[in-house]
Amino acid sequence: MKSRIIVTGGLGFIGSHTVVALHEAGFEPIIIDNLSNSRLSALDGIENLIGFRPQFAQIDVNDAFALKQLFEEVKPQAVIHFAAFKAVGESVEKPLMYYRNNVGGLITLLEMMKETGIKDVVFSSSCTVYGEPSEIPVKESTETKPAESPYGATKQMGEVILKDNSSWCNTQCLRYFNPIGAHPSAEIGELPLGVPNNLIPYLTQTVAGIRKSLTVFGSDYDTPDGTCIRDYIHVVDLAEAHVSAVKRLLDQSYADSFEVFNIGTGNGSTVLEVIQGFEKATGLPVPHTIGDRRAGDVVKVWAETTKVENVLGWKAKRNLETMLKDAWNWQKKLSERADN
Ligand code: WQD
């Protein structure tokens with residue numbers, strides 16, 4: 001009997017890749033998603049990829065009754081919780097919507113888990129909790145800073161809520177750096193809904209001719225080429241980190257009932273290095289201009305990976321070139337679909 005893992009937000013960018021990785025690792029992923037920021041086509045992509053259509057329920061994590069019914073029916077061994085709004089800018093415009101959904105949704109999920117005896121959860125957190133880090137590279141012990149957006153605040157609150165429930169709930173808290181790319185099959189990837197906020201989807205849409213030009217937000221920062229530095233991580237590497245975390249929960253090999261891991265590569269790349277890397281990897285030019293800084297941007301952040309490698313036993317395998325090639329592959333597939 002395969003261990004059943006509920007994946008909330010399982011049709012989203014990271015969620016869909018994690019569903020595939022769970023299946024490949026011998027687990028039975030069960031997807032819940034309210035389709036507010038995803039499409040059912042992601043389920044078709046997952047089916048094409050693994051030759052099997054995982055169980056899917058269109059449920060909002062704020063719907064306690066529906067959650068409880070599903071938990072009682074499925075009796076999962078663990079939950080991976082992705083379902084949350086994630087646009088930093090939008091969270092500034094609509095803070096209450098973010099607190100209701102991201103914090104309220106987590107509370108409802110935990111209440112229903114507790115009522116049905118499910119005690120293991122992997123939580124989707126973010127390097128955003130470090131703000132402008134006080135040390136570089138950031139360790140899990142690096143101090144967190146007051147959030148610079150309601151989105152970041154909801155991630156910090158989520159960690160506090162889970163820590164405060166560690167008497168009955170075991171948490172693997174994964175702080176993601178910058179997930180990019182797509183599955184090499186191009187069957188699943190980041191679905192662009194509206195104008196992309198993030199660098200890679202905007203870049204690939206520019207190269208595809210959907211956007212006129214990429215604006216580099218500032219080139220006067222204290223970095224080698226003046227542009228901001230991030231730790232970009234392949235979304236398939238990130239998905240595989242979730243499988244490692246689930247195994248750690250089910251094996252009960254965690255040292256504490258609330259554990260934090262930085263899920264990054266340990267390498268930082270500037271925006272211009274990403275642009276140059278894309279041009280080198282694909283042979284395609286990226287039309288871009290240098291513009292003003294974007295409010296709220298952190299100058300530099302990348303992960304210190306000793307703990308995640310030595311304790312969780314996970315290490316990123318894919319380099320920036322692969323990430324960019326896979327991102328472009330996915331964009332081409334989307335353009336083909338749009339043309340059909
Ligand atoms: C990366 C770099 C921009 C767009 C955010 C969230 C984080 C996570 C990932 C959810 C920055 C520059 C970007 C553009 C640019 N989200 N950039 N032109 O801001 O590091 O992280 O998304 O978990 O929590 O904070 O990612 O891709 O938006 O920006 O120059 O058109 O690219 O200034 O330096 P970010 P990003």
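## A walk through a predicted structure

The axes of helix α1 (residues 13-24) and helix α8 (residues 235-250) come within 8 Å of each other, crossing at roughly 60°. That angle makes α1 oblique to α8. Keep in mind as you explore that this is a predicted model.

Let us stay with this helix pair for a moment. The crossing of α1 past α8 is right-handed. Which residues bring the two helices into contact? On the α1 side they are F13, I14, H17, T18, A21 and L22. Their partners in α8 are V235, V236, L238, A239, E240, H242, V243 and V246.

Next, find N262 in strand β11, which covers residues 258-263. Is N262 buried or exposed? N262 has a relative accessible area of 0%, so it is buried. Beyond its neighbours within four places in sequence, N262 is in contact with Y130, V138, K139, E140, R175, F177, A303, E304 and V308.

Now turn to S124, in strand β5 (residues 120-126). With a relative accessibility of 8%, S124 counts as buried. Leaving aside neighbours within four places in sequence, its contacts are H81, F82, K155, L174 and Y176.

### Looking for disulfides

A disulfide is a covalent bond between the sulfur atoms of two cysteines. How many disulfides does a search of the whole structure find? The search finds 0. To count as a disulfide, a pair of cysteine sulfur atoms must be within 2.5 Å.

| Cysteine | Closest cysteine sulfur | Sulfur-to-sulfur distance | Relative accessible area |
|---|---|---|---|
| C127 | C173 | 12 Å | 9% |
| C169 | C173 | 11 Å | 0% |

For C127, the sulfur in C173 is too far away for a bond, because the distance is 12 Å. The sulfur of C169 is likewise too far from the one in C173, at 11 Å. Are these two cysteines buried or exposed? C127 is buried, and C169 is buried too.

Technical notes: Residues are numbered from 1 along each chain as its sequence is written. This is a predicted model: local features need pLDDT of at least 70, side-chain atom pairs count only at pLDDT 80 or more; totals for chains, interfaces and linings use all residues. Side-chain values use heavy atoms; hydrogens and water are left out. Buried means under 20% relative accessible area, exposed over 50%, partly exposed in between (1.4 Å probe, protein chains only). Helices (H or I, at least four residues) and strands (E, at least two) are DSSP runs, numbered from the N terminus. Contact means heavy atoms within 4.5 Å. Axes are lines fitted to C-alpha atoms, for helices over the stretch in contact, and angles run from 0 to 180 degrees between N-to-C directions. Angles under 35 degrees count as roughly parallel, over 145 as roughly antiparallel, 65 to 115 as roughly perpendicular and the rest as oblique. A crossing is left-handed if the near helix is turned anticlockwise from the far one by less than a right angle, and right-handed if clockwise.
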